[in-house]
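Welcome, and thank you for taking a look at this chain with us. Please open the sequence and the structure side by side.

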Amino acid sequence: MLLTVVSSLDTLCRQRACEMLAAAHPVAVLVVHDLLDDGVVVRRVFGPDSPVDREENSLEHGCLSCTVRLDVVPTVERLLARGVEHIIIALPPAVPAMAAVNALKQGLTSRFTVGSVVLACAPDACEDQIWDHHTLFESGFTPTPEDQRTPGEFLIGELAFSDTVLLADPLLFPVNPDHRARGGQLLGELAPHARITDIADAEQRGSHDYAEAMGRTIPGSVRIPAGASASPFITVTQRVRRPLHAERFRHALATLAEGCCWLRGRLWIATAPGCRIAIQGIGPRIWLENTGPWLADQTAKPSAGRATDSDAYLDWHPDNGDRGTVIAATGEHLDPAEFARLLEDCQLTDAEMDAGPADLPDPFDFSLTS
């Protein structure tokens, strides 16, 4: 029993991706869900030898997670029980594939394999979507006003979890080939692990590895391209071993993030030395998150099956353990030398290291987050 999960930001890209996947797998069953206003869920099932099955349900709580849990999972369960060998699941726009896969793993009783997780997108639009400062609701991608994510936050999350990016240009609009090529280059820089393709055949798609996918989504983790890119976009990575002076870092942050489509990593702040602080900057938004203690400060080992941050082991230092600052920035016209200088200047000096953190200014309050 094989599942292919398709996520998207908008219905037009999703429709094109479904057409491509259905043509590549004519015996597969295609399940398409949409969430409308007032909690109405529309489900359409397309079978190779049967007419379209269309049904509407009204959920008491019309949210994205309820749509997956209360309609997507039961529908897939029924199809698997009927012996369907391959199901293509097209999620409602802006529903994260990770939420759907986790719900399927928890809710299905039939045995199944997730063959690939596919993000359908229009490459010529992705850069503008990453820089969109509106919420998903304000930009018309979801009917849920409470959803405060931006289009860029959704796309970056999907790029991290997906193994395949299907370039599914909507057929209703003309495509500028230069913008399309530039968008494809940006996608390759943002998701170096993924297979980026405009062909829906299984041979051209990636293969889903759940543990790897979950590891890529851990706040503070850093995945970068293996080699230098020939595109206009580059990824700059900088590591510093000493704790950061919080006030100096606050002043440097705007310059560090300038022009970055995506800024990510983890921080070792002198005034919160026991907290592993994740930093994330997507388009116009930047935020910090206290993700708990460093692995070196934990007494309990991660439980079996739980996603672990392999970066902690790869960056292990004999004195500091996994404590340290690692930041990666992806964008255009970035200066690696200037990026390194800015971050190194935020480190504590010898005198500050000797004095300790007691007298250091603290513009952040990480005790309020976890």
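Predicted model: local features only at pLDDT ≥ 70, side-chain atom pairs only at ≥ 80, totals over all residues.

The chain is built from 11 helices and 13 strands. Its radius of gyration is 22 Å, which agrees with the value near 21 Å for a compact globule because the rule is applied to 370 residues. Along the principal axes, the C-alpha atoms fill a box of roughly 75 × 50 × 40 Å. Some totals for the chain are gathered here.

| Property of the chain | Value |
|---|---|
| Buried residues | 50% of the 370 residues |
| Accessible surface | about 17200 Å² |
| Carbon and sulfur part of the accessible surface | 52% |

Contacts also deserve a look: among those with a separation of 6 or more, 72% join residues 24 or more positions apart. As for charge, there are 30 positive and 51 negative side chains, and the centres of the two sets lie 5 Å apart.

Now to the interior. In soluble globular proteins, nonpolar side chains tend to be buried together. The largest nonpolar core here has 32 residues, and Leu 3, Val 5, Val 76, Ile 87 and Ile 89 have the most contacts inside it. Elements giving two or more residues to this core include strand 1 (2-8), strand 5 (86-90) and helix 7 (210-216). Helix 2 provides the largest share, 8 residues.

Which residues is Ile 87 in contact with, leaving aside its neighbours within four places in sequence? Among them are Leu 3, Val 31, Val 76 and Leu 80. Another core, of 24 residues, lies apart from the largest one and includes Ala 252, Ala 257, Ile 269 and Ala 329.

Key:
Residues numbered from 1 in each chain as written. Heavy atoms only, no water. Helix = DSSP H or I, 4+ residues; strand = E, 2+ residues; numbered from the N terminus. Rg over C-alpha atoms; globule rule 2.2 N^0.38 Å. Buried < 20%, exposed > 50% of the residue type's maximum accessible area, 1.4 Å probe, protein only. Contact = heavy atoms within 4.5 Å. Areas by Shrake-Rupley, 256 points an atom, 1.4 Å probe, with all protein chains shown as cover. Lys, Arg positive; Asp, Glu negative; His and termini not counted. Charge placed at Lys NZ, Arg CZ, Asp CG, Glu CD. Core = buried A, V, L, I, M, F, W, Y, C linked by side-chain atoms within 4.5 Å.
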